[in-house]
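Okay, thanks for coming, everyone. Let me put the model up and walk you through a few parts of it.

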Amino acid sequence: MKKKLLSLILTAVMAASVLTACGTADSKDSSTATESTEKEAIALEDFKVGVIHIGDPADGSGYSFTHDQGIVEMQEELGLEDSQVIRKNNIADGDAVATRTAIEECIEEGCQLIFGTSWGYMDTMEELAEEYPEVMFSHATGYKSNGTNFNNYFGRIYQARFLSGIAAGMKTETDKIGYVAAMDNQNSEVTGGINAFAMGVESVNPDAVIYVKVTNTWFDPTLEGQAAEALLDMGCDVIAQHQDTTAPQLAAQNRGAWSCGYNSDMTKDAPKAHLTAPIWNWGVYYTLTAKAVMEGTWDAANYYGGMDDGLVDISPLSENCAEGTAEKIEEARAKILDGSLKIFEGSLFDNEGNEVCKEGETISDADITGNMTWYYKNVEVK
Amino acid sequence: MIINFLFAAIKAGTPLLFGTTGEIMTQKTGNLNLGVEGMMFMGAFVGFFTGYKTGSITLALLAAFAVGVFAALIYAFLTVSLRANQNVTGLTLTIFGTGFAQFFGERMIAAAPDKSPKLPAELVAALSEKAIPLLGDIPYIGKLLFSHNIIVYLGVCIAFICGIYINRTKAGLNMRAVGENPAAADAAGINVTAVKYIHILAGGGICGIGGAYLSLINGGGVWNNSCVNGQGWIAVALVIFASWSPVKAILGSLIFGAFSVLQFYVPKDIIELPNAFYIALPFLITIIVLVFTSMKKSKEGAQPAGCGINYFREDR
């Protein structure tokens, strides 16, 4: 009986202390929140930017390398010293604890602006934006924002994917094109990219089919190469990819096939195979945002750039491209730039025969990156 | 289709075969070296760098072997001479080797033209898959058995030689004695320290070649900072699967290699299984094998009794 009473009292005391602790924390939060609503300009020499990379920019090609090229461009444009850019590399984007630690280290070192470059950082960054209202958070490839200090940035890479599809469609002789995809149709970014590529292929080669193999990882050179080889075994003679390394390109090259890269110009890695790659010029966004944060004018609105902003493009066509590719691509590029080619406009059919977009309608950018689960009619997941 | 699948399985399994054979040599002499991943990483970098600079396949493989020996020497000195904890030392070696390869790998990338260190064309040609004349022309079997790159054959040869060495030679017997009961071996006049050193070093060298396979063959001729990416750990699991026999490791690595490429060869429109299943499969099988070997009462195919325990002569 005595024990029971004691435990009861202890529980009550604990509950009370927890409640009061919450109370004080709440009041502190609200006071800092009111302070942060007005954003102040930051002097150039006091400005610090943190960058969270999923891979290592030193890899020389691929996703993190491309983001970092943009960071370097921003640094040069603004005239920041090396010590004013803090990089955290190889932060697994499925690991919320590691993500939080890396970002908090950046904040401790005095960063006023944090760029998180991979999809899985989004929720952690959203939480941290609440906890650190004086720090600006900008996250790539997602969709959330809070209107004060947290946004997402991404772009119409599907425009560039469409153009690379033209190069692939012109080149293939077996009319089978392989596509090494990081994620299945649960990931709209990947699926939308495949569909845009497939439409590019179809625009010049209606007979060709796109075989997709899913690796379920963004970054694994061994698996990516193995998936590409399996596609080559199925008779594909062009390999495209939505992956972070050059492994699929090299697999294609070693078998005497052709390839389309991603993120950065991969002609330098696979000169005998590479046709062209959809590429990002992240520097456009990084410079814009860093400048706005420094001037205190950043509005934390989501950013969605396209080919007309210079955010996305394809790398220069290599000499491996089929004759006439440059003209076809130029034609399509002009139409994209003047707005007459929207790519995802009706009528469109998926590979199960359903009409997913009616004549005269277009699919919104938000749906292409956030809500696309169907594959275009010439796509087969193998 | 099946032939293509098995061909890809052999290609994927070969680095595991090297790692496993090397680790079996180490464990048979009574030392558990969890540094396989690190030794493979070091072999991967040094092998690639040597090939990149010299264009010679022999030098590349020798250099990978040498750095594997060097890595194992660190481990052997710490665990055999200084009697440090084997698990901790092995894990440290993994962390060290990974950092070693990435540190120098980054510098090699930064120094390379276009930031893309590529093997010379003649080396890529020498490493490519080639059919052996006549034998390679046999339908099906020719493609499956006689059309590989040269390192695959080397791996199978090393595994057979190690298997014969362990079970059919006097030196192999001494080594097993040291692994099972170092005190008894010591009393029988075997130099325990020397035997341990020799086999740990040889095992490390073999792991190093496995790493070189990953950077030279799997990498497609361009350096990648994450080329080993966990293969060393699978090799450690495979030692158990192969029940400490290098010859069984040939079959084991083929099976594990098959599992790793299985997801790309099972037609999705016929059998749809969650991807996690394919990733878990090798380890599920390892657990099943462990259960069966522990049910079997015979000593054969079990871990050497002295494995993981450091030997103090004074403790006898």
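How much helix and strand is there over residues 51–337 of chain A, and how far apart are the end C-alpha atoms? It's 41% helix and 17% strand, with the end C-alpha atoms 31 Å apart; helices (H or I, at least four residues) and strands (E, at least two) are DSSP runs, numbered from the N terminus. UniProt, in an unreviewed entry, puts "domain: ABC transporter substrate-binding protein PnrA-like" at those residues, and such annotations may be inferred rather than shown by experiment.

Quick housekeeping. This is a predicted model, where local features need pLDDT of at least 70, side-chain atom pairs count only at pLDDT 80 or more, and totals for chains, interfaces and linings use all residues. Residues are numbered from 1 along each chain as written, and chains are lettered from A and ligands numbered from 1 in the order written.

Now, where the chains touch: 27 residues come from chain B and 27 from chain A, counting residues whose C-beta atoms, placed from the backbone, lie within 7 Å. On the chain B side, helix 1 (2–28), helix 4 (86–111) and helix 12 (246–265) each give at least two residues.

Terms used. Two residues are in contact if their C-beta atoms, placed from the backbone, lie within 7 Å.
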